[in-house]
Amino acid sequence: MNVAWLQSDRIIPLGLFVISLIILGFQVSNSGLAHPNELLYAESARDMYERGDWLTPYFDGKPRLNKPILFYWFILIAYHIIGPSLFAARVCSVICGAIGVVLLYLIGRTLFDRTTGFFAAAIALSTWGYALYARYAMTDMALTMWITAAIYCLVYMQTLHETTSKHHWVFTFYAILGFGFSTKGPPALFPLLIAAVYLLWTRQGHFARQLFLSWGWLIFILIAAPWYVIMFVLHQDTLLDIAHMEVVARSRGQLSDTEPVWYYVPLLFGYFFPWSILLPAAIISYRWWRLDAAPDAGRLTLSWLGVILLLFSLIRGKNPQYILPAFMPLAIIIGHTFVHGLTRQVKTPRSMQVSTYVLAALLALCTLIAAFVISLLMQQLSSPLIYGHVIILAAGTAAFLWSLRRQHYRAVFAALAIPQLLIWLFFLGQSLPQFDYDPGAYFANAIRHHSTATDRVGSMRIEPKALLFFLQRPVTRIGNVEQARDFLQSPGRAFVVMREADWPRLSEIAEQPLYILETGKRFRELDADDLLPPWPYGSDLTEQLVLVSNASQGS
């Protein structure tokens, strides 16, 4: 049978895109708004959708100009096609993540070979941090896609002969920078610094002049500037205040607690696990700064990684998701190591041998920790299938050790990548719905069932805006039990979502009958006492929530 078509330059990227969509998008809306920033984008876009406004995002009645408009447009397009929903808001990041995987394959294939590109794509797809943020309605995955696309343009231009015109690709490079700037702002310009470091390192002055002294800047301005000009005309004071806050205050760490310079190091090892354990030995053992097979490719990859890590580390205001664009060069480094370094034809460096056995020990330890943690949480987990995590980890660790002893490194790669993907899919299907910190969707459905559009709704000690997104009706923030009593005893039917622990006090001070219509639960925020031993078996980390009303019957 002729299978050459399976290896064509079009089939592999298309197949990777489809597989990435399935893996990253599996059960994408089966949990609530897990990150606070998700609500900002999803609700602001819904407000724009209802007002028919494609220019100004609003949140809580005020213009939200903290981030440019392009990602809001992505969500708005999804809302118009699918309808306003959490799935529509998140599917934009899923698509960006899938495109990023394909671009990573193309970069790996261009720099080295097809197998390296495929391994790098598989590594990114099986990385916890990449798969996690591809499911959030936030700009970080879109930024990662734009940065990766700009790097691909740079890589492809390197393959062209010196006499070949690069103008079209230079213009494409700057257009991508414009779209990235319209998504996230200044971080989208990082590819310019990456290109500058790389071209200076490799002494490519002629190419540098072609790239930086071109009309591409005009294309960038034409794409990135119009929305800011319009916002300056419509909301000048607001835009200037936000520009100062986002650029100056954030870089100085005034918007959050100042984190140390090494903040991203442990995050990188956690989000990129298990591949991160092999990373230091891979870079040092194979001397990526002067890689024998392709020195320029090694220097480009290190420039890509180094610029992103350095700039985000120097900025005082830090967030975990900022490190996401660094996953791409890391995936190429590890992918190339498995394809060209860890082979039977080449003696494996001592440091790599030690790293692989350290990784095997960590995987075994993770299996034991997973079994222990799950046993502690069985009181609030509804299905014993949660132990599937332990079974997959144990089987993957056994396969990893078996392959390692036989020095079958392609099997070692599969024993790492496949269990990671299976655990991720199992987590989405079985575990994540049971660890939902945001019960907004559940109580929104309950309120719709019991109320009419004219009834009042309140939220006590639960984020009201999350409830508002799913309910699509005004929600009043209630601060304490006395306010809840006054809200429920005002004329007309009213509903309040609150903690069950506050119910006895509310029923005691209420002057008229109140009723619990629905109950639910959420995982509470952990405190220091939860992390200290002894850990009793079946320790309950949830708290009960109730829907209280002054009417005993629903609508």
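Reader: How many aromatic pairs does a search of the whole structure find?
Author: This is a predicted model, in which local features need pLDDT of at least 70 and side-chain atom pairs count only at pLDDT 80 or more, while totals for chains, interfaces and linings use all residues. Residues are numbered from 1 along each chain as its sequence is written, and side-chain values use heavy atoms, leaving out hydrogens and water. Rings of Phe, Tyr and Trp (its six-membered ring) pair if their centres lie within 6.5 Å; for the whole structure, the number of aromatic pairs found is 27.

Reader: Is the pair of Tyr152 and Tyr156 stacked, tilted or edge-to-face?
Author: Planes under 30 degrees apart count as stacked, over 60 as edge-to-face and the rest as tilted. The ring centres of Tyr152 and Tyr156 are 6.2 Å apart and their planes stand at 45 degrees, so this pair is tilted.

Reader: Which class of accessibility does Tyr156 have?
Author: Buried means under 20% relative accessible area, exposed over 50%, and partly exposed in between (1.4 Å probe, protein chains only). Tyr152 is buried at 12%, whereas Tyr156, with 29% relative accessibility, counts as partly exposed.

Reader: How far apart in sequence are the parts that the pair of Trp275 and Phe338 ties together?
Author: The ring centres of Trp275 and Phe338 are 6.0 Å apart with planes at 85 degrees, so the pair is edge-to-face. Helices are DSSP runs (H or I, at least four residues) numbered from the N terminus. Because Trp275 lies in the loop between helix H13 and helix H14, and Phe338 in helix H16, the separation of the parts in sequence is 63 residues.

Methods
Helices (H or I, at least four residues) and strands (E, at least two) are DSSP runs, numbered from the N terminus.
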